[in-house]
Structure formats: structure tokens, C-alpha cells
Amino acid sequence: MNNDSFWNFYWETRLQHLQGQGKGEVILQSSRLIRAANQPIRILEAGCGEAQIIGSLVDAHGSPEGEQASVGIDRDLTALAVARKTYPSIRFLTGDFTDTELLQSLGKFDLLLLVNALHHVFSDAYDPSIGEIDVPKGKANLHTSFATLAQSVKPGGYVILFDGLEADIPLDTPVQIQFQSPEAQGKFQTFAREYLPFRIQYQLNTGDSVTLSMRNFTRYVTKIIFLGKPLWKRERQESYQYFNESEMHTMLTRNGFDIQEFRLLSVDYDHWLQEVRILTPGVDFPPEHVLITAQKTG
Ligand SMILES: C[S@@+](CC[C@H](N)C(=O)[O-])C[C@H]1O[C@@H](n2cnc3c(N)ncnc32)[C@H](O)[C@@H]1O
């Protein structure tokens with residue numbers, strides 16, 4: 001069986017359930033790069049969680065061994081315990097993926113995976129005195145962390161980044177919305193009340209429409225899927241968005257990466273339309289996710 005037919009078999013039997021999901025798209029894109037290299041490559045996943053992504057890739061395509069083994073880093077001990085048990089051939093490290101010394105001790109990698117990881121660096125800059133993220137500090141931390149992570153990629157190697165994306169209009173733009181049903185309105189109120197420790201401000205207009213900032217509108221539509229689910233407890237403490245398209249470009253190009261693909265992905269767009277209608281002319285739903293593939297040139 002050649003590389004491609006083995007991969008197709010692996011995907012169909014093991015990963016088909018991820019079809020259309022962000023994680024699935026990341027795995028497919030990474031597998032394409034690995035198959036093009038025609039040999040196992042060394043992968044670093046920063047913020048690997050239970051290692052579904054790096055684990056599937058190493059399982060299907062193998063990894064160099066010994067010192068050159070692929071590595072997953074996470075600060076969550078419970079997630080890493082699952083990862084270690086499921087994928088014993090991968091080296092998992094408990095630690096902070098923004099730690100320069102830790103990264104330098106690992107050497108260089110062919111592929112860096114940052115999947116739903118960098119928004120944590122931004123969210124970690126939450127400031128209780130303002131009930132919000134300290135945005136300049138969060139952005140500065142992102143630039144520093146990414147610059148350190150970028151040093152771990154070999155020249156000619158790749159980064160695949162999947163995460164939230166801010167809209168390309170000023171985030172304080174007022175957006176007026178109308179709910180499609182009383183249930184949708186109830187969900188919005190729950191979101192605004194429970195998205196703590198953030199303070200979601202909005203204005204209630206006549207006719208039950210609501211006006212809020214573009215930043216909070218984006219948070220509302222991208223977070224409602226978690227309402228009432230076990231993940232909500234964690235999700236409500238995070239901002240999924242941090243950079244818009246041009247800021248993402250700057251972060252990558254400044255660190256010697258050539259962007260090969262910048263793909264906007266939306267999983268919930270139809271669901272949002274069932275919840276809410278935008279009344280403000282010229283404003284649209286935000287992008288939901290971005291999947292970036294970039295190659296290190298220098
Ligand atoms: C949303 S999960 C994504 C897990 C995995 N990448 C995936 O997509 O399946 C984010 C993970 O990043 C980890 N994380 C966040 N900030 C971190 C940091 N500074 N150092 C290490 N791990 C971090 C969290 O513990 C969590 O497991």
C-alpha cells in the first residue's frame with residue numbers, strides 16, 4: 001500500500017468522525033505535508049491536550065526516534081496522562097510552551113502545530129481590575145511567545161496554526177442584532193450573564209433588539225455552542241479571538257514564515273443564522289476559525 005492509500009484507509013477507519021471539524025482539517029493538512037516529505041518528520045505540538053492531533057499523525061505516519069522523537073507539550077496534567085497512555089511512542093512534556101529554556105532544550109522541528117493554543121496566551125493576560133483582557137499586554141505576549149516557538153522550526157519547516165480570528169472592522173463598532181426566537185434571546189442573556197470573569201455590556205433597544213460591540217458580538221456567536229455544556233465552565237474564561245487577518249500575517253512574516261495558505265473556516269455559520277439577524281448595515285458575521293499553513297524561509 002503506498003502512502004496515500006494507507007492514509008485514506010487510516011482516515012476512513014479512524015478519523016472520519018472529524019470530517020468538517022477544525023481538528024480534522026488540521027490533521028488532513030498536516031498529513032499532506034508529511035506525505036509530501038515522504039518520510040517521518042519531527043513534530044512539536046504546543047498545547048497538545050490529550051494529543052488527538054499529534055497522536056493520530058504519529059500513529060499514521062511514524063516519527064523519528066530517540067532524541068529526534070516528536071514532542072507534545074501541555075500544562076494540563078490530566079490531559080497529558082491520557083495522552084501518554086494513548087500514544088506511548090510520543091515524548092510528552094509537562095510545562096509551559098512559552099518557556100524559552102524548555103523550547104531551546106528540545107532542538108528543532110519539521111512541523112510546529114498550534115491548534116487552539118495561542119488564544120490561551122492572550123486570555124492569560126486577563127486583568128481583574130478592568131474585567132477584561134489587557135489587550136496590549138496580551139498581544140505583546142503573543143508576539144514574544146510566537147517568536148520563541150518559531151525558533152524551534154527548522155529552515156524549510158512548517159507551522160500550522162488553527163485558532164479564532166477577530167473581524168477586520170474596528171472591534172468597538174456597534175452591532176445591532178435581532179433574535180430569531182425567544183429561546184435565542186434567552187441564550188444571549190445567559191451568555192452575557194455567565195461569560196465571566198468578562199463583563200459583557202449591551203444595550204436593550206425597543207422591539208427586543210440588542211446593540212453590543214463587534215468584539216462582544218463575535219464572542220457571543222462563537223461561544224453559544226458551549227452554553228449549558230461541560231466545556232462552558234472553561235470556555236467562558238477564554239477569549240477565542242486575539243488577532244485579525246493582518247495581525248496574523250504580521251506575526252508570521254516577522255518571524256521568517258511565508259504564508260502558503262490562509263483559510264477561513266466556519267462550522268457554525270448556519271446555526272448562527274438560526275439564532276440571530278444583524279440589523280446594522282454593512283456588518284456581517286465574523287470569521288469563525290482560521291487555518292494557516294506557513295513555511296519558514298530563513
Ligand atoms: C483547547 S486545548 C487544545 C488541545 C489540542 N491542541 C487539540 O486541539 O486537541 C488547549 C490546550 O493548551 C494548553 N495550554 C494553554 N496554554 C498553555 C501554556 N502556556 N503552556 C502549555 N500548555 C498550554 C491547555 O492546557 C490545553 O490543553
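**Reading the features**

Modeller: Strands and helices here are DSSP runs, numbered from the N terminus (strands E, at least two residues; helices H or I, at least four). This is a predicted model, so local features need pLDDT of at least 70, side-chain atom pairs count only at 80 or more, and totals for chains, interfaces and linings use all residues. Residues are numbered from 1 along each chain as its sequence is written.

Colleague: In which sense do β9 and β10 pair?

Modeller: Pairing requires at least two DSSP bridges between the strands. β9 and β10 (210-213) pair in the antiparallel sense, over 2 bridges. They belong to an open sheet of 4 strands, ordered β9-β10-β8-β12, with antiparallel pairing. β9 (203-204) and β12 (276-278) are the edge strands, each pairing on one side only.

Colleague: How do the axes of α1 and α2 cross?

Modeller: Axes are lines fitted to C-alpha atoms, for helices over the stretch in contact, with angles from 0 to 180 degrees between N-to-C directions. The axes of α1 (3-15) and α2 (22-37) come within 11 Å and cross at roughly 160°. That makes α1 roughly antiparallel to α2 (under 35 degrees is roughly parallel, over 145 roughly antiparallel, 65 to 115 roughly perpendicular, the rest oblique).

Colleague: Which residues of α1 and α2 meet?

Modeller: N3, D4, W7 and L15 in α1 meet G24, I27, S31 and R35 in α2; contact means C-beta atoms, placed from the backbone, within 7 Å.

Conventions:
Contact = placed C-beta atoms within 7 Å.
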